[in-house]
Amino acid sequence: MLPEAFLSRLKNQLGDEFDDYLRSLDRPRAVALRFNPLKTDSFPSLPFVEDAVPWAAYGHYYTPDARPGLHVWHEAGLYYLQEASAMAPVTLLAPQPGETVLDLCAAPGGKTTQIAALMAGRGLLVCNEINPKRAKILSRNIERMAVSNALVLNHHPKDLERHFVGCFDRVLVDAPCSGEGMFRKEEAAVTDWSEETVQMCAERQAQILATAAKLLRPGGRLVYSTCTFAPAEDEGAVTEFLKSHPEFSIEAAEAPTLSPGRPDCIPDPAPGIEHTFRLWPHHQRGEGHYAAVLRKAGDEESALVPSKSDKLPREWTEFAKSLNIRLPEGKSALFGSTLWWLPENAPELKGLKVLRPGLELGEEKKGRFEPAHALALWLKTCASVQDYAPDSPEMAAYIHGDVVPSSQKGWTLVTAGGHSIGWGKGDGKVLKNHYPKGLRR
């Protein structure tokens, strides 16, 4: 049962469309996934994958009764399960390879990994999450989706003002909200809703947007999004932001499949509010979302100061040479015995709470090198590969943690139907299993 106060306000918002909205809630929910171009240039044919999501590159709907999260290719990072409407804000952000981009409220990682896919492994992606538990989930999804150029942080957004003022070409603020657009999907969103919650969220969103404004460079693009219908958190939040930040304006972006913003739902709307976007479940195949594209006046380069590089240890150099591994442009950093590969323009990390500073390569262990699971997922191939069919008994045994048959010797990249999923170490007869224990089935 939806809250009466919510229904009363939405009826005023939608007018003649209100009954269409109610009927949409009775239809089966559209479910979607997004293929990962960081893993492969040609996406596999899967029987449960259906039509493309019209507003998102690599997005597809899938059969509602399918369970793609249980497929081995999900564990290999070939796709991310993501609500279709939630893919729209990153399309509007339009990040480019080589840029410096911030996802300010990033967990669990759907929009972050979507940004990473469009950046194609080039540039710097900073993704921040205030909640420590959610930040760990974000970090795990960054790893699974083979993202090499992301810096995962665990900070209150305002803390970043001490480190990154004027540093980002593009900033995404997918703000915490009252979640009205997810009522059909999440029962907790209904039970937690109140008019007071809407107002509290609007106040918090204003604070986050104020920080985002400082972190964006002059000339940069900011996309603000929510998964709510509340005007106070959508057109109202953008209007209030523009009143206090005259250096910003609404940018009219091309998105013909999305519905326009509603200047009639708030008093004294900002100029151009009709060029913001709404996604309604009775207009699009997806849940509720809102997004606005904002441009900061001026034209300046990013102010980011990159960190220095550590020397690559001999153990890594010998390991990489033996498997013919070539890293992208970047720099190395040692944290204890763990070796990481950072993006070329990664910033100085002192004073930051960093969960993941780039691509984890592995650990130095008494004169030898033990490769990280993240490195296996990032690699497409190397000099020693053992492939098993995704639905084979060998692959089932591998993700269970068992030894598997192989004639390979030494460290070997295990692939599922040609797509990397982990490491094994061979003796010429079997591979000792190095699939992480926490991921085994």
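This is a predicted model: local features need pLDDT of at least 70, side-chain atom pairs count only at pLDDT 80 or more; totals for chains, interfaces and linings use all residues.
I count a polar contact as a pair of N or O atoms within 3.5 Å, where one must be able to donate a hydrogen and the other to accept it.

**Entry: S420**

I looked up where S420 sits and found it in strand β22, which covers residues 419-427. Is S420 buried or exposed? S420 is buried, because its relative accessible area is 2%, and the cut-off for buried is under 20%.

Next I followed the side chain of S420. It reaches the backbone oxygen of A376 at 2.9 Å. I also found the backbone oxygen of L379 at 2.7 Å from a polar atom of the S420 side chain.

Then I listed the contacts of S420, leaving aside neighbours within four places in sequence. A376 and L379 are among them, and so are K39, A76, L377, L413, V414 and T415.

**Entry: the sheet with β14**

I turned to an open sheet of 4 strands and wrote down its order as β14-β15-β17-β18, with antiparallel pairing. Which strands are at the edges? They are β14 (331-335) and β18 (368-371), and each pairs on one side only. From one strand to the next, I have the twist averaging 30 degrees.

I checked the pairing of β14 with β15 (residues 338-342): 5 bridges join these antiparallel strands. Here K331 stands opposite L342 in β15.

**Entry: helix α10**

Last, I looked at what lies across this sheet. Helix α10 (residues 314-323) lies across β15, β17 (359-365) and β18. I noted its angle to β18 as about 65 degrees.

Notes. Residues are numbered from 1 along each chain as its sequence is written. Side-chain values use heavy atoms; hydrogens and water are left out. Two strands pair if DSSP finds at least two bridges between them. Helices (H or I, at least four residues) and strands (E, at least two) are DSSP runs, numbered from the N terminus. Axes are lines fitted to C-alpha atoms, for helices over the stretch in contact, and angles run from 0 to 180 degrees between N-to-C directions. Contact means heavy atoms within 4.5 Å. Buried means under 20% relative accessible area, exposed over 50%, partly exposed in between (1.4 Å probe, protein chains only).
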